[in-house]
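The sequence and the coordinates are shown first.

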Amino acid sequence: MRIAYTRPEDGRVLVVDGASIPALKKNPKNEFLTDDEYKNLIWADVPDDAISPVEIPESLDLTYREFRNAWKQDGNNITHDLEKVKDIQIERTESALKPIMQALSENLLEAIISGNNGEQASIMAKKDRLRNDVNALKALVPQSIEQIKAATPILGGI
Amino acid sequence: MSWFSRLRNWQTDQANGIGIRADYHDSEDDNFASGINLAINVAGGNVPTANLPMGGFKHTGAADGSARTDYATLGQVQVAASSYAVDSVGADAYAITLAPAIAAYTTGQVFRFYPATANTGAATLAVNGLAAKSIKKHKDVDLSDNDIKIGQIVEVVYDGTNMQMLSPLYGVVTQNGAATFGADAGASDSYAVTLSPAPAVYVTGMSIYVKINTANTGAATINCNSLGAKTIKKRYNSDLATGDLIANQIINLVYDGTNFQLTSVYGSVGDNINSTITQAAHGFVAGDILRFNGTIYVKAQADSAANAQAIGIVSAVVDVDNFTITLSGKVTGLVGLTAGVVYFLSPLTAGLLTSTEPTGASQISKLLFIADSTTSGYFINSRGRPILSAASQSDQETGTSTIVYVSPAVQQSHPSSPKGWVFANASGGIQSSYNVTSVTDVGTGEINVNWDVDFSSTNYAVGVTVKTDNAYFGRVADAAFAAGLTKGYCTSLAPALADPSSWSFFAFGDQ
């Protein structure tokens with residue numbers, strides 16, 4: 001038995017996965033656990049302030065977790081909030097670019113010191129391109145996860 | 001008494017001047033003749049006229065006496081011809097001829113004879129043609145068949161009326177046993193026999209043999225020659241039980257002054273093992289279950305292993321200082337039983353049986369008896385089984401008891417046992433668990449474990465490990481740590497939360 005609900009403080013979807021009845025019956029207090037009691041037991045693990053708690057079907061596949069924190073409820077189904085997906089992707093991109101940009105900055109400093117103007121221009125261009133990729137992602141109106149991922153080639157290449 | 005002495009002294013006469021005188025010689029010769037006539041004649045020509053004192057001497061070389069007035073020689077006495085003869089007539093009418101012949105029967109007269117035939121009932125003896133006299137045994141009882149055997153030297157004494165037979169009664173004593181044996185002719189449980197000769201009264205120590213006609217069905221009596229019914233007892237004073245006597249069985253009974261005690265093996269005695277115990281003022285009654293405390297026998301009780309070491313059941317109380325204990329097998333004479341019911345040693349009352357198997361803590365379940373009727377059954381000394389109580393949660397949490405058993409329901413309460421654990425996949429799907437109601441997938445690299453039975457406080461130990469090929473590690477969140485919930489994180493070296501392949505949580509502590 002699984003129950004999905006939305007946490008009010010951040011809108012994240014949480015999924016409560018109940019232990020099986022046989023497993024629970026091994027606990028002395030649950031020796032004669034009925035189906036109704038079982039459901040009540042699992043539901044008790046859902047906070048009182050949960051938003052839209054709902055039992056979701058066992059057949060619902062939740063193994064795709066690349067953007068787990070971007071899940072949103074859609075009835076008793078769970079889909080992705082694409083804005084959250086984009087935010088996640090932006091955060092990941094910025095995290096990935098941070099060491100790259102730092103390395104390019106060091107290379108640029110060496111080119112300035114050495115007076116290598118050509119190298120300076122090449123590095124500056126590379127840093128601009130990377131910034132533009134992030135900006136493009138931020139400007140993207142997300143349509144799908146695939147679109148978002150395609151908009152961040154750097155992550156694909158990392 | 002007369003003594004011979006002479007009248008004259010011839011030398012004295014001569015000295016006195018008295019010459020030979022015819023008158024003196026005649027008187028002296030007459031005096032000689034008188035003296036000779038006073039002496040016994042060796043030829044038998046003179047006989048005593050008064051008793052003859054022998055002065056301590058004896059007649060020697062005497063011939064055997066032949067007339068009733070003759071002396072008997074020692075040889076004659078040894079031969080006893082005067083009182084012994086060979087029977088010359090035959091069965092039941094014996095006749096002998098003694099020499100010298102008797103003129104008449106005299107009370108106290110003893111006769112011995114050699115019978116040529118055995119008797120076939122009442123018999124007589126005639127001596128020297130005098131009137132035949134009945135031969136009696138036991139004072140005045142006619143002989144039975146074969147009381148006199150061919151060739152047996154029979155001795156009888158005339159009692160003034162009959163010849164009382166002194167010789168052993170061949171038929172009675174040696175063969176037919178009629179004096180002590182009788183075939184029962186009474187009904188079941190009321191046996192009766194007729195002995196011959198009939199006893200006049202019951203005498204303590206009197207021993208009889210009885211062939212039982214019908215098996216007994218309980219307490220029984222025996223009546224000998226209508227002297228009165230007496231109860232038959234076994235083991236001194238116990239009434240018989242059904243089947244103790246069986247048809248055609250010959251039993252021996254000895255009269256003890258009140259009852260006839262059965263000394264024979266009886267019907268059920270072979271079905272048990274008994275022991276007679278002497279213990280002053282034992283105070284036991286039939287049916288008491290006993291144990292031996294090392295010094296004396298006491299009542300057993302299933303309230304402890306030591307008190308439940310029963311060795312037998314009191315099957316008979318002989319007297320205040322003696323009792324019979326049955327160690328195994330059939331026991332009779334009890335009360336209040338139900339056929340087919342199994343009885344245990346009572347944990348509540350010493351010495352008693354109970355049909356309710358003990359189940360109380362520290363009691364002993366000891367099966368001892370199976371009844372086959374309301375008064376009997378079989379004693380079976382089985383091994384006792386201690387009744388252990390199940391450990392409570394408190395017992396487990398204390399963890400010091402050695403007298404309770406751990407049941408699956410409470411074993412986890414021991415401090416050494418994990419109170420909960422779970423193995424879940426990356427999304428919190430429970431693969432196996434104990435004491436976990438659910439796992440909440442909170443987000444990437446973050447799950448909550450919801451314990452079913454909460455810990456009594458947050459002072460419990462919990463560990464989390466993650467299964468992953470990446471450089472991830474699992475950790476327990478401090479902020480959200482609660483008695484009923486444990487939050488776990490999986491963190492990469494970045495650091496950033498990341499999903500592992502699976503999670504494992506395990507927790508120890510008090511609940």
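## Salt bridges across the model

Over all chains, the count comes to 22 salt bridges in this predicted model. One of them links Asp128(A) to Arg131(A), where the closest N and O atoms are 3.1 Å apart. Both Asp128(A) and Arg131(A) belong to helix α4 of chain A, which covers residues 117–139, and they are 3 residues apart, about one turn of the helix.

Between chain A and chain B the count is 5 salt bridges. Among the pairs that cross from one chain to the other is Arg68(A) with Asp441(B), whose closest N and O atoms lie 2.9 Å from each other.

## The interface between chain A and chain B

The size of an interface is often expressed as the accessible area lost when the parts come together. Here the area buried between chain A and chain B is about 1800 Å², and carbon and sulfur atoms give 43% of that area. On the side of chain A, 25 residues are in contact with 24 residues of chain B.

Polar contacts between chain A and chain B amount to 17 residue pairs, counting those with both residues at pLDDT 80 or more. Three elements of chain A each give two or more residues to the side that touches chain B: β2 (13–18), α1 (21–25) and α2 (35–43). The most is given by β2(A), with 6 residues. By residue class, the side of chain A that touches chain B divides into 13 nonpolar, 4 polar and 8 charged residues.

Strands of a sheet pair through backbone hydrogen bonds, in either a parallel or an antiparallel arrangement. In this model, 7 strands from chains A and B form an open sheet with antiparallel pairing, in the order β3(A)-β1(A)-β2(A)-β32(B)-β33(B)-β36(B)-β35(B). Its edge strands are β3 (51–56) of chain A and β35 (473–476) of chain B, each of which pairs on one side only. Neighbouring strands of this sheet are turned by 20 degrees against each other on average, with direction ignored.

The pairing across the chain boundary is that of β2(A) with β32 of chain B (residues 436–443), which run antiparallel and are joined by 4 bridges. Within this region, Asp17(A) stands opposite Val439(B) of β32(B). In chain B, β35(B) and β36 (residues 485–491) also pair in the antiparallel sense over 4 bridges, and Phe473(B) stands opposite Thr491(B) in β36(B).

## A sheet within chain B

Chain B also contains an open sheet of 4 strands in the order β31-β30-β37-β34, with antiparallel pairing. Because β31 (430–434) and β34 (461–467) of chain B stand at the edges with a single partner strand each, one side of each is left without a neighbour in the sheet. The twist from one strand to the next averages 5 degrees.

Strand β30 (residues 420–425) of chain B is joined to β37 (residues 502–508) of chain B by 6 bridges, and the two run antiparallel. The bridge partner of Val422(B) in β37(B) is Phe505(B).

## Backbone exceptions in chain B

Most residues other than glycine have a negative phi, and most peptide bonds are trans. A cis peptide bond joins Ala99(B) to Pro100(B), with omega at about 0 degrees; Pro100(B) is placed in the loop between β2 (93–96) and β3 (110–114) of chain B. The bond from Ala494(B) to Pro495(B) is cis, with omega near -5 degrees, and Pro495(B) is found in the loop between β36 and β37 of chain B.

Asn248(B), although not a glycine, has a positive phi of about 75 degrees. Asn248(B) lies in the loop between β14 (238–239) and β15 (250–255) of chain B.

Technical notes: Residues numbered from 1 in each chain as written. Chains lettered and ligands numbered in written order. Predicted model: local features only at pLDDT ≥ 70, side-chain atom pairs only at ≥ 80, totals over all residues. Heavy atoms only, no water. Contact = heavy atoms within 4.5 Å. Buried area = accessible area lost by both parts, 1.4 Å probe. Salt bridge = Lys/Arg side-chain N within 4 Å of Asp/Glu carboxyl O. Polar contact = N/O pair within 3.5 Å; in protein donor to acceptor, adjacent residues only side chain to side chain. Nonpolar A, V, L, I, M, F, W, Y, C, P; charged D, E, K, R; others polar. Pairing = 2+ DSSP bridges. Axes fitted to C-alpha atoms, helices over the stretch in contact; angles between N-to-C directions.
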